[in-house]
Amino acid sequence: MEVMKTDGRVERGNQTRRMVLGRTMDIASVEGLEGLSLGRIATELNLSKSGVFALFGSKEELQLATIRAAAAVFSGRVVAPLAELPPGPGRVWALCRNWLAYSSERVFAGGCFFYAVSAEFDARSGPVHDAIAQARRDWVTYMERTLDEARLAGGLVADVDVPQLAFEIIALMEAANAQSVLHGDTTAYEFASRGITRRLRAEATDEARDEIPST
(Lines give C-alpha, C1' and ligand atoms only; values in the text may rest on other atoms or scores of the structure.)
Protein backbone atom coordinates (compact mmCIF):
# COMPACT_ATOMS: atom_id res chain seq x y z
CA MET A 1 0.00 0.00 0.00
CA GLU A 2 2.81 2.39 0.89
CA VAL A 3 4.55 1.54 -2.39
CA MET A 4 1.36 2.44 -4.31
CA LYS A 5 1.13 5.79 -2.52
CA THR A 6 4.78 6.52 -3.23
CA ASP A 7 4.39 5.55 -6.88
CA GLY A 8 1.35 7.82 -7.16
CA ARG A 9 3.23 10.78 -5.74
CA VAL A 10 6.16 10.15 -8.06
CA GLU A 11 3.89 9.96 -11.10
CA ARG A 12 2.07 13.16 -10.13
CA GLY A 13 5.43 14.84 -9.69
CA ASN A 14 6.53 13.63 -13.13
CA GLN A 15 3.30 14.88 -14.71
CA THR A 16 3.75 18.29 -13.09
CA ARG A 17 7.36 18.41 -14.22
CA ARG A 18 6.37 17.63 -17.81
CA MET A 19 3.65 20.29 -17.70
CA VAL A 20 6.06 22.90 -16.33
CA LEU A 21 8.76 22.12 -18.89
CA GLY A 22 6.26 22.20 -21.74
CA ARG A 23 5.45 25.77 -20.75
CA THR A 24 9.02 26.86 -20.02
CA MET A 25 10.26 25.65 -23.41
CA ASP A 26 7.73 27.81 -25.22
CA ILE A 27 8.43 30.84 -23.00
CA ALA A 28 12.19 30.49 -23.48
CA SER A 29 11.91 30.14 -27.26
CA VAL A 30 10.09 33.49 -27.40
CA GLU A 31 11.33 35.52 -24.41
CA GLY A 32 14.57 33.74 -23.57
CA LEU A 33 15.61 31.69 -20.58
CA GLU A 34 15.81 34.82 -18.43
CA GLY A 35 12.04 35.07 -18.83
CA LEU A 36 11.65 32.02 -16.60
CA SER A 37 11.00 32.14 -12.89
CA LEU A 38 9.54 29.71 -10.39
CA GLY A 39 6.91 32.24 -9.33
CA ARG A 40 5.78 33.02 -12.85
CA ILE A 41 5.42 29.36 -13.77
CA ALA A 42 3.51 28.61 -10.57
CA THR A 43 1.09 31.47 -11.27
CA GLU A 44 0.57 30.65 -14.96
CA LEU A 45 -0.04 26.95 -14.33
CA ASN A 46 -1.98 27.44 -11.08
CA LEU A 47 0.59 25.54 -9.05
CA SER A 48 2.04 26.28 -5.64
CA LYS A 49 5.38 28.06 -5.75
CA SER A 50 6.68 25.67 -3.09
CA GLY A 51 5.70 22.72 -5.28
CA VAL A 52 7.56 24.12 -8.27
CA PHE A 53 10.54 24.90 -6.03
CA ALA A 54 10.53 21.31 -4.76
CA LEU A 55 10.80 20.08 -8.37
CA PHE A 56 13.53 22.46 -9.58
CA GLY A 57 15.09 24.20 -6.59
CA SER A 58 16.26 27.36 -8.34
CA LYS A 59 15.82 29.47 -11.45
CA GLU A 60 19.10 28.16 -12.83
CA GLU A 61 18.02 24.54 -12.41
CA LEU A 62 14.72 25.39 -14.09
CA GLN A 63 16.69 26.86 -17.01
CA LEU A 64 18.96 23.81 -17.22
CA ALA A 65 16.00 21.42 -17.05
CA THR A 66 14.33 23.40 -19.84
CA ILE A 67 17.43 23.04 -22.03
CA ARG A 68 17.54 19.29 -21.41
CA ALA A 69 13.85 18.96 -22.21
CA ALA A 70 14.24 20.97 -25.41
CA ALA A 71 17.14 18.77 -26.48
CA ALA A 72 14.95 15.69 -26.03
CA VAL A 73 12.15 17.25 -28.11
CA PHE A 74 14.64 18.26 -30.80
CA SER A 75 16.09 14.76 -30.95
CA GLY A 76 12.65 13.21 -31.18
CA ARG A 77 11.55 15.45 -34.05
CA VAL A 78 14.78 15.82 -36.03
CA VAL A 79 17.06 12.85 -35.32
CA ALA A 80 14.93 9.88 -34.26
CA PRO A 81 13.02 9.56 -37.58
CA LEU A 82 16.31 8.74 -39.33
CA ALA A 83 16.76 5.49 -37.44
CA GLU A 84 15.87 3.19 -40.35
CA LEU A 85 17.56 5.17 -43.12
CA PRO A 86 20.89 3.91 -44.47
CA PRO A 87 23.91 6.25 -44.61
CA GLY A 88 24.03 8.42 -47.70
CA PRO A 89 22.94 11.76 -49.16
CA GLY A 90 19.31 10.72 -48.75
CA ARG A 91 19.79 10.41 -45.00
CA VAL A 92 21.54 13.80 -44.88
CA TRP A 93 18.70 15.39 -46.81
CA ALA A 94 16.12 13.77 -44.51
CA LEU A 95 17.95 15.24 -41.50
CA CYS A 96 17.85 18.71 -43.06
CA ARG A 97 14.21 18.31 -44.06
CA ASN A 98 13.32 17.31 -40.50
CA TRP A 99 15.10 20.36 -39.11
CA LEU A 100 13.32 22.73 -41.49
CA ALA A 101 9.97 21.17 -40.54
CA TYR A 102 10.83 21.41 -36.82
CA SER A 103 11.40 25.14 -37.25
CA SER A 104 8.63 25.96 -39.74
CA GLU A 105 5.95 23.97 -37.90
CA ARG A 106 6.81 25.86 -34.70
CA VAL A 107 7.44 22.86 -32.49
CA PHE A 108 8.54 25.66 -30.17
CA ALA A 109 6.53 28.87 -30.31
CA GLY A 110 9.58 30.99 -31.14
CA GLY A 111 11.05 28.74 -33.83
CA CYS A 112 14.27 26.89 -33.15
CA PHE A 113 14.73 26.81 -29.36
CA PHE A 114 18.51 26.60 -29.52
CA TYR A 115 18.89 29.44 -32.01
CA ALA A 116 16.89 31.69 -29.69
CA VAL A 117 18.68 30.88 -26.45
CA SER A 118 22.13 30.84 -28.07
CA ALA A 119 21.73 34.49 -29.02
CA GLU A 120 20.73 35.23 -25.42
CA PHE A 121 23.66 33.47 -23.73
CA ASP A 122 26.45 33.41 -26.32
CA ALA A 123 28.56 36.11 -24.59
CA ARG A 124 27.85 35.00 -21.02
CA SER A 125 29.50 32.41 -18.83
CA GLY A 126 28.23 29.83 -16.39
CA PRO A 127 26.33 26.54 -16.37
CA VAL A 128 23.45 27.71 -18.57
CA HIS A 129 25.84 29.02 -21.25
CA ASP A 130 27.80 25.77 -21.05
CA ALA A 131 24.69 23.62 -21.44
CA ILE A 132 23.59 25.58 -24.52
CA ALA A 133 27.08 25.45 -26.01
CA GLN A 134 27.25 21.69 -25.48
CA ALA A 135 23.86 21.17 -27.13
CA ARG A 136 25.07 23.18 -30.12
CA ARG A 137 28.31 21.18 -30.31
CA ASP A 138 26.34 17.95 -30.18
CA TRP A 139 24.19 19.09 -33.10
CA VAL A 140 27.16 20.14 -35.25
CA THR A 141 28.94 16.88 -34.42
CA TYR A 142 25.87 14.87 -35.43
CA MET A 143 25.56 16.72 -38.73
CA GLU A 144 29.25 16.19 -39.47
CA ARG A 145 29.02 12.49 -38.57
CA THR A 146 25.97 12.04 -40.82
CA LEU A 147 27.84 13.69 -43.70
CA ASP A 148 30.97 11.64 -43.07
CA GLU A 149 28.97 8.40 -42.98
CA ALA A 150 27.51 9.39 -46.36
CA ARG A 151 31.05 9.92 -47.67
CA LEU A 152 32.25 6.57 -46.35
CA ALA A 153 29.24 4.86 -47.92
CA GLY A 154 30.22 6.27 -51.31
CA GLY A 155 27.40 8.80 -51.47
CA LEU A 156 29.56 11.92 -51.25
CA VAL A 157 32.82 12.56 -53.07
CA ALA A 158 35.91 11.35 -51.23
CA ASP A 159 37.47 14.81 -50.85
CA VAL A 160 34.36 16.57 -49.50
CA ASP A 161 35.20 19.08 -46.76
CA VAL A 162 32.78 17.77 -44.14
CA PRO A 163 33.14 20.56 -41.51
CA GLN A 164 32.74 23.23 -44.19
CA LEU A 165 29.67 21.57 -45.69
CA ALA A 166 28.11 21.09 -42.26
CA PHE A 167 28.72 24.76 -41.46
CA GLU A 168 27.05 25.90 -44.69
CA ILE A 169 24.03 23.64 -44.27
CA ILE A 170 23.42 24.70 -40.67
CA ALA A 171 23.89 28.36 -41.61
CA LEU A 172 21.22 28.08 -44.31
CA MET A 173 18.77 26.43 -41.92
CA GLU A 174 19.33 28.98 -39.18
CA ALA A 175 19.01 31.88 -41.61
CA ALA A 176 15.62 30.52 -42.69
CA ASN A 177 14.56 30.20 -39.05
CA ALA A 178 15.64 33.76 -38.23
CA GLN A 179 13.96 35.34 -41.25
CA SER A 180 10.75 33.37 -40.76
CA VAL A 181 10.46 34.22 -37.06
CA LEU A 182 11.23 37.91 -37.58
CA HIS A 183 9.14 38.52 -40.69
CA GLY A 184 6.65 35.66 -40.71
CA ASP A 185 8.11 34.76 -44.10
CA THR A 186 7.76 31.07 -44.89
CA THR A 187 9.50 31.42 -48.26
CA ALA A 188 12.78 31.52 -46.32
CA TYR A 189 12.45 27.75 -45.83
CA GLU A 190 12.09 27.27 -49.58
CA PHE A 191 15.28 29.28 -50.16
CA ALA A 192 17.13 27.22 -47.54
CA SER A 193 15.83 23.96 -49.00
CA ARG A 194 17.03 24.89 -52.48
CA GLY A 195 20.40 26.01 -51.20
CA ILE A 196 20.92 22.81 -49.21
CA THR A 197 19.91 20.48 -52.03
CA ARG A 198 22.21 22.29 -54.46
CA ARG A 199 25.18 21.96 -52.07
CA LEU A 200 24.45 18.29 -51.44
CA ARG A 201 24.02 17.48 -55.11
CA ALA A 202 27.29 19.27 -55.87
CA GLU A 203 29.13 17.02 -53.39
CA ALA A 204 27.25 13.79 -54.16
CA THR A 205 28.71 11.05 -56.30
CA ASP A 206 27.07 10.36 -59.64
CA GLU A 207 25.58 7.12 -58.34
CA ALA A 208 23.96 8.75 -55.29
CA ARG A 209 22.89 12.13 -56.65
CA ASP A 210 19.33 11.00 -57.26
CA GLU A 211 18.87 10.48 -53.50
CA ILE A 212 18.60 14.27 -53.25
CA PRO A 213 15.69 16.14 -54.84
CA SER A 214 16.64 18.46 -57.70
CA THR A 215 15.77 22.16 -57.49
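Two aromatic rings of Phe, Tyr or Trp count as a pair if their centres lie within 6.5 Å. The legends below use this cut-off for a predicted model.

**Figure 1. Aromatic cluster of the predicted model.** Phe74, Trp99, Tyr102, Phe108, Phe113, Phe114 and Trp139 form one aromatic cluster. Across the structure there are 7 aromatic pairs. In the pair of Phe74 and Tyr102 the ring centres are 5.1 Å apart and the planes stand at 90 degrees, so the arrangement is edge-to-face. Phe74 belongs to helix H4 (residues 59-79) and Tyr102 to helix H5 (residues 89-104), so this contact ties together parts 28 residues apart in sequence. Phe74 and Tyr102 are both buried.

**Figure 2. The ring pair of Phe113 and Phe114.** The centres of these two rings lie 5.0 Å apart with the planes at 75 degrees, so Phe113 and Phe114 are also an edge-to-face pair. Phe113 has a relative accessibility of 0% and therefore counts as buried. Phe114 has a relative accessible area of 8% and is buried because the cut-off is under 20%.

**Figure 3. The buried face of helix H6.** Helix H6 covers residues 113-121. Its buried residues are Phe113, Phe114, Val117, Ser118, Glu120 and Phe121. Viewed down the axis of H6, these residues fall within an arc of 160 degrees, so they line one face of the helix.

**Figure 4. Arg124 with Phe121 and Glu34.** The charged end of Arg124 sits over the ring of Phe121, 4.4 Å from the ring centre. Arg124 also meets Glu34 in a salt bridge, with an N to O distance of 3.0 Å. Arg124 is in the loop between helix H6 (113-121) and helix H7 (127-152), while Glu34 is in the loop between helix H1 (2-31) and helix H2 (38-44). Arg124 is partly exposed at 38% relative accessibility, and Glu34 is partly exposed at 37%.

**Figure 5. Further salt bridges.** The whole structure contains 12 salt bridges. One of them joins the side chains of Arg68 and Glu61 at 2.6 Å, N to O. Arg68 has a relative accessible area of 47% and is partly exposed; Glu61, at 26%, is partly exposed. Another salt bridge is formed by Arg209 and Asp206, whose closest N and O atoms are 2.9 Å apart. Here Arg209 is partly exposed at 23% relative accessibility, whereas Asp206 is exposed at 61%.

**Figure 6. A salt-bridge network.** Salt bridges link Arg23, Glu31, Arg40 and Glu44 in a network.

**Figure 7. The largest pocket.** The volume of the largest pocket is about 250 Å³. Its lining is made up of 14 residues, of which Phe74, Phe114, Ala135, Asp138 and Trp139 lie nearest the pocket centre. Helices H4, H6 and H7 each supply at least two residues of this lining. H7 gives the most, with 5 residues. Phe74, Phe114 and Trp139 are also among the residues of the aromatic cluster in Figure 1.

How values were computed
Residues numbered from 1 in each chain as written. Predicted model: local features only at pLDDT ≥ 70, side-chain atom pairs only at ≥ 80, totals over all residues. Heavy atoms only, no water. Phe/Tyr/Trp six-rings, centres within 6.5 Å; stacked < 30°, edge-to-face > 60°. Helix = DSSP H or I, 4+ residues; strand = E, 2+ residues; numbered from the N terminus. Buried < 20%, exposed > 50% of the residue type's maximum accessible area, 1.4 Å probe, protein only. Lys NZ or Arg CZ within 6 Å of the ring centre and 35° of its normal. Salt bridge = Lys/Arg side-chain N within 4 Å of Asp/Glu carboxyl O. Arc of directions from axis to C-beta. 1 Å grid on protein atoms, 1.4 Å probe; cavity = no way out; pocket = protein on both sides within 12 Å on 5 of 7 lines; lining within 4 Å. Points joined across faces, edges and corners; volume = space filled by probe spheres on them.
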